[in-house]
Amino acid sequence: MNQQIYFLNGPNANLYGMDKSGTYGTESFASIGERCQRRAASHNITLQFRQSNHEGVLVDWIQEARQQAAGLIINAAGLTYSSVPILDALLMFDGPIIEAHMSNIWKREPFRHHSMVSKAATGVIAGLGVIGYELAIDAVVELIKAHAA
């Protein structure tokens with residue numbers, strides 16, 4: 001398989017590894033991106049690993065992925081709980097979608113227990129830190145294969 005997937009990250013994900021509380025681990029966003037690139041390469045998949053603090057940019061990338069990607073992984077971060085525009089864009093994406101979160105959103109504040117993104121997601125991976133990001137890549141690759149069969 002030689003296809004492309006998008007892995008989109010929302011607001012403040014660029015600060016991973018800098019949070020003193022440790023909620024998002026100690027590994028930098030750049031290092032996480034490198035790990036994800038290696039994981040995608042092991043599947044012979046091209047990975048667009050991106051981050052934006054702006055909702056409209058994320059919507060633009062989701063729309064771009066409709067033409068460019070066989071699958072999509074998204075951690076919409078704080079926008080997970082409030083963004084109808086991101087949900088609407090995801091609902092227009094035909095391939096598999098994995099919602100990924102570094103932390104276990106159901107062990108956090110109650111407002112994080114409801115995800116707008118989940119309505120469009122094929123599946124959710126949460127609470128496994130960077131390992132969850134790598135597993136999300138594995139999962140979307142398997143779902144792409146199943147969809148193609």
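The legends below describe close-up views of a predicted model.

Local features are reported at pLDDT of at least 70 and side-chain atom pairs at pLDDT 80 or more, while totals for chains, interfaces and linings use all residues. Residues are numbered from 1 along each chain as its sequence is written, and side-chain values use heavy atoms, with hydrogens and water left out.

**View 1. The open sheet has five strands in the order 2-1-3-4-5, with parallel pairing.** Strands (E, at least two residues) and helices (H or I, at least four) are DSSP runs, numbered from the N terminus. Two strands pair if DSSP finds at least two bridges between them. Strand 2 and strand 5 (123-126) are the edge strands, each pairing on one side only. Neighbouring strands are turned by 15° against each other on average, direction ignored. Strand 1 (residues 4-9) runs parallel to strand 2 and is joined to strand 2 by six bridges; here Ile5 stands opposite Leu47.

View 2. Contact means heavy atoms within 4.5 Å. Axes are lines fitted to C-alpha atoms, for helices over the stretch in contact, and angles between N-to-C directions run from 0 to 180 degrees.

View 3. Buried means under 20% relative accessible area, exposed over 50%, and partly exposed in between (1.4 Å probe, protein chains only). Five bridges join strand 3 to strand 1 in parallel, and Asn75 is the bridge partner of Asn9. Strand 3 also pairs with strand 4 in the parallel sense, over three bridges, with Leu72 opposite Ile97.

**View 4. His101 lies in strand 4 (residues 97-101).** An unreviewed UniProt entry places the feature "active site" at Tyr24 and His101. UniProt positions are given in the numbering used here, feature names are shortened, and annotations may be inferred rather than shown by experiment. His101 is buried, with a relative accessible area of 4%. Not counting residues up to four places away in sequence, His101 touches Asn75, Thr80, Tyr81, Ile125, Ala126, Gly127 and Leu128.

**View 5. Ring pairs link Phe7, Phe29, Phe49 and Tyr133 into a cluster.** Rings of Phe, Tyr and Trp (its six-membered ring) pair if their centres lie within 6.5 Å; planes under 30 degrees apart count as stacked, over 60 as edge-to-face and the rest as tilted. The structure holds four aromatic pairs. One of them, Phe49 with Tyr133, is edge-to-face, at 6.4 Å centre to centre and 65° between the planes. Phe49 lies in strand 2 (residues 46-51) and Tyr133 in helix 4 (residues 130-148), so this pair ties together parts that are 84 residues apart in sequence. Both Phe49 and Tyr133 are buried.

**View 6. Helix 2 (residues 55-68) packs with helix 3 (residues 84-91).** The angle is about 0° and the axes are 9 Å apart. The two helices are therefore roughly parallel to each other; angles under 35 degrees count as roughly parallel, over 145 as roughly antiparallel, 65 to 115 as roughly perpendicular and the rest as oblique. Glu55, Leu58, Val59 and Ile62 in helix 2 meet Pro85, Ile86, Ala89 and Leu90 in helix 3.
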